[in-house]
Each structure stands twice: as structure tokens, then as C-alpha cells.
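Subject: Handover of a structure and notes on what it contains

Dear colleague,

Please have it open as you read.

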2 protein chains.
Amino acid sequence: GSTPIVMQRNPMFSTINADDITKFKEILGEKNVVQDEEALLAANTDWMRKYKGSSNLLLQPRTTEEVYIFLSCEIVAACFTIFCIRISFPHLDRLFDKVSQVLKYCNSRCLAVVPQGGNTGLVGGSVPVFDEVIINMGSMKNIISFDKVRRRLYMVSGILVCEAGCILENLVSFLDNQGAVWKPNFWILDLTMPPFRFVMPLDLGAKGSCQIGGNVSTNAGGLRFVRYGSLHGNVLGLEAVLANGTVLDMLGTLRKDNTGYDLKHLFIGSEGSLGIISKVSILTPPKLSSVNLAFLACKDYVSCQNLLLEAKRKLGNILSAFEFLDSHSMDLVLNHSEGVRNPLPPSMHNFYVLIETTGSDQSYDKEKLEAFLLRSMEVGLISDGVLAQDINQAFSFWRIREGVPEALMKAGAVYKYDLSLPIEKMYDLVEEMRMRLGPAAKVVGYGHLGDGNLHLNISLPEYDDTVLGQVEPFVYEWTSKHRGSISAEHGLGLMKANKIHYSKSTESVHLMVSIKKLLDPNGILNPYKVLPSSLTS
Amino acid sequence: GSTPIVMQRNPMFSTINADDITKFKEILGEKNVVQDEEALLAANTDWMRKYKGSSNLLLQPRTTEEVYIFLSCEIVAACFTIFCIRISFPHLDRLFDKVSQVLKYCNSRCLAVVPQGGNTGLVGGSVPVFDEVIINMGSMKNIISFDKVRRRLYMVSGILVCEAGCILENLVSFLDNQGAVWKPNFWILDLTMPPFRFVMPLDLGAKGSCQIGGNVSTNAGGLRFVRYGSLHGNVLGLEAVLANGTVLDMLGTLRKDNTGYDLKHLFIGSEGSLGIISKVSILTPPKLSSVNLAFLACKDYVSCQNLLLEAKRKLGNILSAFEFLDSHSMDLVLNHSEGVRNPLPPSMHNFYVLIETTGSDQSYDKEKLEAFLLRSMEVGLISDGVLAQDINQAFSFWRIREGVPEALMKAGAVYKYDLSLPIEKMYDLVEEMRMRLGPAAKVVGYGHLGDGNLHLNISLPEYDDTVLGQVEPFVYEWTSKHRGSISAEHGLGLMKANKIHYSKSTESVHLMVSIKKLLDPNGILNPYKVLPSSLTS
Ligand SMILES: Cc1cc2nc3c(=O)[nH]c(=O)nc-3n(C[C@H](O)[C@H](O)[C@H](O)COP(=O)(O)OP(=O)(O)OC[C@H]3O[C@@H](n4cnc5c(N)ncnc54)[C@H](O)[C@@H]3O)c2cc1C
Ligand SMILES: Cc1cc2nc3c(=O)[nH]c(=O)nc-3n(C[C@H](O)[C@H](O)[C@H](O)COP(=O)(O)OP(=O)(O)OC[C@H]3O[C@@H](n4cnc5c(N)ncnc54)[C@H](O)[C@@H]3O)c2cc1C
């Protein structure tokens, strides 16, 4: 048990019956209609094991074999084939669209559903609250096209089109391999140049499980936001299925397209409450060869801030990550994550900062970073620091930062807050919270300092409503007072659906509700989430 | 006369009467209710002098003196004051909000309106079709805040908040001046460093007249898109006034905010048909000191393409513009723009390319560009070229590229098409069109090659329906067949409202129409534009 959420199942929704199961099996095939208890338990429980639903049905729509059967053999040939098929029969996909058929049926029966990706969300958005049908997208994991090779010319547009269920890490590897197999044997210029590879414009600790559809649905930020910016800028197109089964083809692959309202943005960050995202088209930036990573110690928060300021000025366009963690976070990772060592022994410092640079010129970039670090050391902004000497060391530094959420989980119960705040105020909140709660709780602060995004976490042996009462609404009021956001990147989900007014005006919330009603009149898509239940039901 | 648009005035709309005028004078003050013929003629006519309305009324809402009176004295002090006022009386603005009062009244009377910015739009969106009331935003030109200096710490967030009527070029100068007056007298690091300045993340030929509100409403692309990307990524917040006068405060200044649907994106690119944008919050990137510009000649289009490919690979993150024009465009500029000289005499080349780099290290960047140009020359991608030696020469190169639209205007009648196309196909269309039209018309191609954005223009002594019949729908069908966009950056306006289906699916268009009806049930905002009239009236 955790946050006490007193909530009523919406009686408008039907409950699953035998006919429904028959119908779903008809649409999806026997094995994709899951009623097995173990699988259901996993799908009902969120990553933190904090939110738990009681759904009896897990559906796993799969790409229609009729259309994508070719994919297993030869990806390029298949893409071409699919392309031809799509050109000749643009509606063929739709006829076979399983997600569309499932939603259409659920809508007609008024069965509530939860769209689910990798189930790594941190606000209780990806699991049922009651008995909603779980639609997991993990089986829709085909790469549809990667626009690099076009006929006789090698293009460098780097546009990837894939199904929503692709796991982020798999896309990263795919892009890396694309480069590796690229033999520019009829290219007129430098045949000696290294292959041109691409990367995903987002990266996060959950990359091994989270899906691109989940990332887009939560408008995930992550570790490279400071460099590549928001998914609103990187996603070029989407296919989304509305509650009534309508397939909305917004799957453009163009850099620029100003024909009417740009509807895809409604779905980016809507957490499965407006439609199920089934395909994504995304601009992938070139992978640059020179990456450097420094792990640094600062004596106080003001130094972290000033370091950021200087990093932005002096590293400018090679800066690709600026993350921080306080000693309390470091302590947790050292105690709870296996095989992690303190890179700056023997003592503990108050703050740690990771600075990554990415560029195209190894010696120049390294020199630039080294000069910057030296100067920052001289003026006392940095107390100690180390530059990763190889990829393994870089990996071990990243493990520390990426390991904080997992270490917090292992340490016991945790209340998580994901806030945008003016950078100069940010750590005041952590300190105030620490004062407020006293020794009863461990208060840790870490996150994406470069974007003004603090992860404030309160770690306890077990969930405790008295402590929670001291944390909330204080943390939301404090954030609102400083004109911050109560959810920088994780979304509202179930946890903060009723808290939206701390960050959004009444008029805005009302318009959101109207849009929800327009797109999903029966409210079957991810009910009880995102918007205040008082306004939606 | 030009494109014959057979259109009926929507009889639902009222016509202006004496009471309306009285009411508007009451709200805006006598001098902001303009009925003067000359002013009306200008406001009724678009930049190309191709679209002409017959409105009898021009309204110029002004920032409420009650709130912003301080601004004239001391900007920083005033910002602080306003900030305090806003904190204490958050609804004060709204009480005085002229745009809100005007729209509320128009909506109640069912008077149609056209929001107007700098009136530089190229698709007939900014002028009335019949007698719609023109609401020009040019008097709302205050800068509200620039988040660089915060108390004792210099922040580098670079977030600019301003009213919608600010002219783009004025914002550029403002940002440049901010840097200049910055004296870091209590900053602990290098006091010797040059000041940290900022730039607008967009730039376009019309910068001297267009307004930021117009830019956002058209989702303008422009010359630096290849570097800074779309306004969907750069705009952090908006204030928009809906048809019924509701002020929608989405004026966030945070890099990250995932609380509910990101409504501002609906207004970005909606061309005044969903609401009037009254304030804009935008992320301005740091102004980097090292800018280089090359003016190059290529023998054929394939060379331009390959040059782009190589520029992306080798110049990577310092590439800030990649523009092209064909010999026909060059010819027009040389003949019609004053004081322009051919930078690569004596002969004419088939294609010209401008490559701009922007970085932080003058000698390194220049070396990189020079090496790139040398190599491209060696392998024959470039036939000739010159590097701007100073800012004046750079300015003169830009004048050529930016001068094409103006030169086309002076040359006579012009049919303009703004297309996104796969880069390798792009120029085929220009050549096909040339073949199709024969010597009767001059067909020119230029534009933002780096983003796959072609400006195809057909220049004639005067408008000619026979020629038009040969151009349309051919150009739209060709674009649609190649999965391009019939409007990359200019929007649909009046010109292409009925052509939207060439680029968008039926389902998407229907959803757009539903959203239009939700936000503007009487359809008073910029009627006959953006969406097909068959669906909206
Ligand atoms: C260790 C760890 C580190 C993390 N780091 C970050 C970080 O740095 N930055 C960050 O932003 N987040 C982070 N997260 C949160 C989470 O990983 C991201 O929000 C991620 O994008 C969720 O993807 P998912 O596929 O797991 O989605 P899920 O958790 O399955 O779902 C999340 C939400 O999206 C909806 N959804 C999922 N797929 C679809 C779809 N195809 N169509 C419509 N709706 C869908 C769900 O209904 C739910 O509301 C982290 C999580 C963990 C566990
Ligand atoms: C020489 C020249 C070069 C150009 N170059 C480019 C270029 O490189 N890239 C590009 O994208 N465009 C370009 N344009 C087109 C045009 O300048 C841009 O579209 C510009 O953004 C329009 O701004 P504006 O203030 O003039 O808007 P207007 O022309 O006044 O209006 C354009 C549209 O926006 C609406 N609108 C204006 N202000 C508001 C507001 N505050 N609230 C709601 N709706 C509003 C109007 O109703 C209209 O539909 C160019 C135009 C010219 C003349």
C-alpha cells in the first residue's frame, strides 16, 4: 500500500464476459489473449510495485502476418515490398489492423483499456486501476523503414519509422548496425571515411525495457535532452488509433509540413488517454565519433550551478549531458547497486556532476573539455574529478547516475517527485524537505540539472501516511509557488491526475477535458489517469 | 486578379453597424479603431498584392496602459513591478485584456475576424476575404521578460517572453543589446570573457516586418531551421485568446513540463483559425561568435545534393544554413534587386549554394570549412566559390538569397509553391514544370535545400488562368505522389485551404475540423482559411 487513492470504479464500464474473450481470440488469435495468472500479475503491477490493478485480461496485438511476413527475411527488400503494397492498397494495413479492431470492439462494449508499453512508467499510468483490459504493445516491434539508403544515392536524413512496441535499446542497436553494414562502394567521395551512423535522440535508464511508443506517450526527457531537446521537436510523425478504432495516419517523414493543425503533438505526452500510438517516425541525429565523459565532485550546490553556467558557455554545442546527484543519492547507489565503486575515493563529496561532450573531433573536443575542467578546478568550482579513459569506465560512471532509481527501489519504500524548477531554487526544496522530515526519512536529490529538472525522492523503510502528509501537498505548493512544473518528464498518470491545477490554469484543464471527450467520448482509454476524475466522469 | 476563387460570404456572419463601432471605441479607445481608407487598403491587401479583402474596420489592440505603463522607463525595474502585480493580482491582466474583450464581443455578435501580424504571409491568410474585421497585433510589442539575469546569479537560460506583436528583427536587436550591457562585475569566473549574447532561433527574409505572433501562427521555418529546428521545439509557452474571449494561459517558461496535453502546439501553425496568440515564450540559443558564409556554384543539381550530404557529414554541428538557388532565380535577383552584384563573375552557373557555419571557435571553424570546400572543389562538387571576408560581404551574399521573393514580385505576376519533397526528387519537379509550360513562363526553383524545402515559383508578365490550369492541380498531384507536403512552411491560408487532402488523410482533416468547431463554434476566426470550406461551414 502507498498513496491512499480513494477511487470508485466507473460503473459506466462493462465487465469482461465469455463473448468478449471469444471475440478477442477471433481478432488476435488464441495465444495473444492472455489470461494466465502469472503474466497478469506482472502486467497489473508497475515498475515500483506501488500501483496494482486487478485486470483479468491482457491483449497482445501483433503485426499482421499478412502484411509484414517478409520482414523476417530481408529488411530492405521487405521495406520496398511493403512500400509497394502500401502504395497500391493504402487501406490494406487498416483492414488488418489489430489495435483498431480491438479498440473498436472495446468501445462498442464500453470496456475500459490501459495501453501498456514497457511498463517502466513512474506515475502509475501503465497499469489498470481496476479491471481495465491491458493492451500491451510489445509484440508490435517491426522496423518499417530507415531512410538512409535511397536508390542510387545515400541519403543522410536519418529518419526511422517503426512500430510502437520497439524497445528503445533495440532501436539504438539497429541504428548502430545500419552504419556498420554500410559499404559506400559507389559513392564518389572519400571511400575511406568511417561509416555514417545514427543514434536515437533520447536515452534513459529504462532503455532496456521501455518502448518507443511509451516514450512518445510520456514525452520522455532523459539524459540527452540538453542536447537534442524534446520529442515534440524530434518526432516527425505518428500513427495513432482512436478509441472508436479510427486509424489516424499522421506518419509523415518530412522535416517540414505546415498543412493544417499538427495533430501528432496532442498524442505526444498524452499517456495513452487520447489514443494508442501504433507507429512512430523519428528523426535520428548522426552518431558522432568523439564522446567524453567526466565524473566530478562539487563542494556545494552553488558550485554545481556555476559549473553548469560555465559548461553552457564554454562547451556550448558539444555539451551532450549535464547530470547531478547529491551525496545521499551516491550513498544509496554505493550501498544498493552491485559492482559499483566510488570513482572519487576515499571521501564522499556533497555533490557529483556528470558532464558528457559529443562531437566529431576527438582531440579537439578532449582538449576543450580538459581545459574547461582545469580552469574550473583552479577557480574552485570542482573539488575533484576524473575523465573516463575508455568505454568501460564511461559505462561505470553512467551506471552510477542511471542506478539511482533502482537503488532507491531496493532501499525500501519511496515517494518520487519529478519537478521542473528554476535552477537557482531547485536544491532549496531538497533542503527544506530534509528539515521538514527530520531523520525519519532519507531525502535525496538528483536529476537532469542541465534542463532544470530535479528528481526529489523520499526514501523510507516502508510507506507511511504520516510522512506522506508532511510531503504532500507541500511539495506541490512549493513547486507551484516557484512557477515550476509538478511533472517535468514522467507525466501525471494516476499519481498526479488530480494535481494538474498546480501547474496548469483552469481554462487549460477545461480545454484538455473537452479534447479528451471529443476523441474518446466513452472515456475508455486509460481512465482515472492524467485529468482530474471529477471533470472526466 | 489571380487564382479564381469562387467563394460565397458566409451569411451567418453579421455586418458591422454603428453600435459595434461605438463598442470597439469603448474597448480600445478612439484612435485604435481605424476606418481610414488608406490604412484599410493596406490592411486589406497582402504582401504579394494578390489577395484583397473589403473590410471596413481595422482594430489595433494595445497593451493596457494600466498594466504596462512602467515599461517605457526602465525595463528591468518594470519587469519586476509587473511580476509583482501579476503575482498579487493574477487576473488583473485579463480584466484589461483588450484582445479578449474584442473577441468576446465579436463572438457574441457573430462578426468574423482576421488576426493580422506583419502581413508578410504568402498564402492569403492575413487579409480578409470579404468584410471580416482586421485585428492587427502590431501595437502589442512589449518585451515582458528576458530570463538571463536573476538576482545574484547570471542565468543562461535565454528564455524570452514577449507580446505577439514584436517584430522579429526588433527581438534580434534586443537580444544582441542584452549581451552588450551585461557587466559581470560580481561573477567569479573570467571577467575577461566576451559577453554572452543570444539570438532568435529563426530568421527569415521578412524579418523586418513579420511579427513573432505571425511566425508562431504560421510555424515559420526560414533560414536557420537546419540548425535550430521547428518552433514546436523552441516555443516554450504561449498565451492565446479563444474566439469567446477566454484567455488561455500556457505561457510556461520551463524547458520541461509534462502536465497534461501540450495545448500550445495546437496554436503553433494554426494560422489564426483557433485563437489569437497574444504572448510568446521562446528559448533563444546563445549567439556564437564564429560565423562563416560561403557562396558557391555547382554545375548541376546532383552536385548540390551531394554537397549537402557531405556538409552534413563533415560540418555536422557547426552547419547553420544550407540554401540553394538556380540560375533562373539568380538572374531575377541580378535584374530586379538594387545594388546586387554577382559574387562569382563573369559567367552564370546552373546552381548556387550558400553554406553558413556557426560555432564558438573562429580559427577552428574556418579551417574546417576551408578544408571542406577545398576537398569539394577537388572532387568536382563545386565549380567555383567565395568565402565572405567580412560582415558586409556576408550581408551581400544573404541579400541575394533573401532577395528572390522580392525580385519575383518586381518581375510581374507569380504563382508560388512551397513544397517539402524528397531531396533527390525535388528538382525534377522544376524541370518537368519548365517542360510543361515552355517559354511562356519563367520557372524558378530555390529554397531551404537542407530541410528538403523547395520554393517553386512561376513568374509571368501577368496572371494567366491558362497557365494556372497547367500548373494546378499538377503540382499538388506530383507532390502528393512523392509523399511530399504541399506546404512546407507557409501554411495553407486561403490559397490552399481546399487542397489539404493532398497532404493529409481524411481522418486527420476531420479531426482538425472537430477541433476547430470545439474552439470556435461560430467559426468567426479567420474564416475560409486553412480547412476546406465544405467541411467548416
Ligand atoms: C530506471 C528508470 C529510469 C527512468 N528514467 C527516465 C528518464 O530519464 N526520463 C524520463 O522521461 N523517464 C524516465 N523513466 C520513466 C519511464 O521509463 C519513461 O516514462 C518511459 O518513457 C516509459 O516507457 P514505457 O514503454 O515503459 O511505457 P509504460 O510505462 O508502459 O507506459 C507509460 C504511459 O504511456 C502509456 N503508453 C505506453 N505505450 C503506449 C502506446 N503505444 N500508446 C499509447 N499509450 C502508451 C501508458 O498507458 C502509460 O500511461 C525512467 C524509468 C525507470 C524505471
Ligand atoms: C520576403 C519574404 C520572405 C519570407 N521567408 C520565409 C521563410 O523563409 N520561411 C517562412 O516560413 N516564411 C517565410 N515568409 C512568409 C512569412 O513571412 C512568414 O509566414 C511569417 O511568419 C508571417 O508573419 P507575419 O507576422 O507577417 O504574419 P501575417 O502575414 O500577418 O499572418 C500570417 C498568418 O498568421 C495569422 N496571424 C498573424 N499573427 C497572429 C496572431 N498574433 N495570432 C493568431 N494568428 C496570427 C494570420 O491570420 C495569418 O493567417 C516570407 C515572406 C516574405 C514576404
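A residue is taken to be near a molecule or strand if one of its heavy atoms lies within 4 Å of it. Before I apply that, a word on conventions: this is a predicted model, in which local features need pLDDT of at least 70 and side-chain atom pairs count only at pLDDT 80 or more, whereas totals for chains, interfaces and linings use all residues. Residues are numbered from 1 along each chain as its sequence is written, chains are lettered from A and ligands numbered from 1 in the order in which they are written, and side-chain values use heavy atoms, with hydrogens and water left out.

I begin with ligand 2, which is surrounded by 35 residues, the closest being B:Pro115, B:Gly117, B:Gly118, B:Thr120 and B:Gly121. Polar contacts here are pairs of N or O atoms within 3.5 Å; within protein, one atom must be able to donate a hydrogen and the other to accept it, and residues adjacent in sequence count only if both atoms are side-chain atoms. An oxygen atom of ligand 2 lies 2.7 Å from a polar side-chain atom of B:Thr120, and an oxygen atom of the ligand is also 3.0 Å from an N or O atom in the side chain of B:Thr218. A nitrogen atom of ligand 2, for its part, is 2.8 Å from a polar side-chain atom of B:Glu489. Taken alone, ligand 2 exposes 960 Å², and the protein buries 97% of that, with accessible areas coming from the Shrake-Rupley method with a 1.4 Å probe and, for residues, only the protein chains shown counting as cover.

Helices (H or I, at least four residues) and strands (E, at least two) are DSSP runs, numbered from the N terminus. In chain B, strand S3 (113–116), helix H8 (212–218) and strand S9 (276–283) each supply at least two residues of the shell around ligand 2, and H8(B) has the largest share, with five residues.

Turning to ligand 1, which residues of the 35 around it come nearest? They are A:Pro115, A:Gly117, A:Gly118, A:Thr120 and A:Gly121. Ligand 1 exposes 970 Å² when taken alone, of which the protein buries 97%. Strand S3 (113–116), helix H8 (212–218) and strand S9 (276–283) of chain A each give at least two residues to this shell, and H8(A) gives the most, with five.

The two chains also meet each other: 99 residues of chain A are in contact (heavy atoms within 4.5 Å) with 99 residues of chain B. The area buried between them, meaning the accessible area (1.4 Å probe) that two parts lose on being put together, summed over both, is about 8,300 Å², and carbon and sulfur atoms give 60% of it. On the side of chain A, the residues that lose the most area to chain B are A:Lys256, A:Tyr261 and A:Arg313, together 12% of what that side buries.

A cis peptide bond, with omega about 0 degrees, joins A:Pro345 and A:Pro346, and A:Pro346 has its place in the loop between helix H13 (327–336) and strand S12 (351–359). Another cis peptide bond joins A:Glu472 and A:Pro473, the latter lying in the loop between helix H18 (465–471) and helix H19 (474–481) of chain A.

Finally, on confidence, the model scores ipTM 0.93 and pTM 0.93. The mean pLDDT (the predictor's confidence in each residue, from 0 to 100) of chain A is 90, and 88% of its residues reach 70 or more. Over residues 86–91 of chain A, however, the pLDDT is below 50, and it stays under 50 over residues 180–192 of that chain as well. Where pLDDT is low, the predicted coordinates should not be read in detail.

With kind regards
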